[in-house]
Amino acid sequence: MVAAVIYKFCQLLTCVIICCLGFPNVFSQASERKLIIPKNNTFQLHTDSIYLDTLILKDNSILRFTSSTLLIVENAFIGTNCLFDASGQAGLNGTSPTTGIASLDGEAGTAGYDLNLIINFKSLGTLLITTEGGMGGNGASGKTGPSGLNGSLNEADGGRGENGGKGGNGGNGGNILLHYWSDNFLISFASAKTNQHFIRFNYNGGRPGLGGDGGRGGRGGEPIISLNSSITGVRGKEGQSGTKGNNGLPGLEGELFLKRL
């Protein structure tokens with residue numbers, strides 16, 4: 001509920017800024033900065049707000065965000081198969097420790113970052129903007145139950161296997177606000193008929209982690225036969241298997257807001 005209120009507030013604030021200052025005036029306040037990401041390269045942006053005079057993404061390049069960010073670009077030149085990546089991190093898988101306290105459960109994925117984008121596209125190939133939540137970690141398998149005692153009448157049966165760890169929850173998807181302009185071409189958001197002028201979005205919640213398998217039941221004990229052929233104990237039963245861990249929950253989907261200026 002709080003996230004939704006903040007998201008709506010950001011929409012309103014962005015619209016107020018643009019309406020009061022005008023699109024060109026927003027850009028006029030930007031410092032003269034240029035960012036060029038070469039072909040097949042990745043650049044990490046370590047800031048929560050940035051104004052760029054020029055942004056150039058060569059083919060197959062990635063601009064990776066490390067926090068929720070306001071990005072304003074006066075002149076954007078985007079190549080083919082480019083990516084704005086604000087996705088969350090996957091949770092760690094559970095582990096089966098040999099000693100100490102068990103940590104079988106997978107960790108939750110982190111939420112995707114919110115993006116508030118104001119961009120004037122001078123050229124555009126294909127661009128994916130993702131704020132997908134991180135995938136939950138998988139639960140670890142439970143340990144095998146203890147074996148029954150050999151030569152025992154009362155403790156020959158194997159022990160129950162350990163339950164599997166729970167899968168971690170997926171992270172929530174981040175919100176995307178895109179205010180845009182384009183020179184002499186229309187941007188398609190529905191389908192890519194060519195490798196030009198196409199933007200697609202991924203603001204899905206992260207996938208849930210899978211629960212770990214239950215551990216196998218312990219082996220039953222065996223009777224002991226002495227040298228004089230006397231038998232001590234009974235053949236024990238194999239223990240019950242542990243229960244499979246529950247899967248995690250998927251993350252919640254983010255929201256998308258588009259406006260051509």
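Strand β10 (residues 198-202) is largely enclosed by the rest of the structure, because four of its five residues are buried. Buried means under 20% relative accessible area, exposed over 50%, and partly exposed in between, with a 1.4 Å probe and protein chains only. This is a predicted model, in which local features need pLDDT of at least 70 and side-chain atom pairs count only at pLDDT 80 or more, while totals for chains, interfaces and linings use all residues. Residues are numbered from 1 along each chain as its sequence is written, and side-chain values use heavy atoms, with hydrogens and water left out.

**Strands and pairing**
- The protein has two helices and 13 strands; helices (H or I, at least four residues) and strands (E, at least two) are DSSP runs, numbered from the N terminus.
- Strand β10 pairs with strand β8 (residues 126-130) in the parallel sense over five bridges; two strands pair if DSSP finds at least two bridges between them.
- Thr130 has Asn202 as its bridge partner in β10.

**The largest nonpolar core**
- A nonpolar core is a set of buried Ala, Val, Leu, Ile, Met, Phe, Trp, Tyr and Cys residues joined through side-chain atoms within 4.5 Å.
- The largest such core has 30 residues, and those touching the most other members are Leu63, Leu71, Phe84, Phe121, Leu127, Ile129 and Ile199.
- Strand β7 (residues 115-124) gives the most to this core, with five residues.
- Beyond its neighbours within four places in sequence, Phe121 is in contact (heavy atoms within 4.5 Å) with residues including Leu127, Trp181, Phe185 and Ile199.

**The whole protein**
- Of the 261 residues, 43% count as buried.
- Among contacts between residues at least 6 apart in sequence, 70% join residues at least 24 apart.
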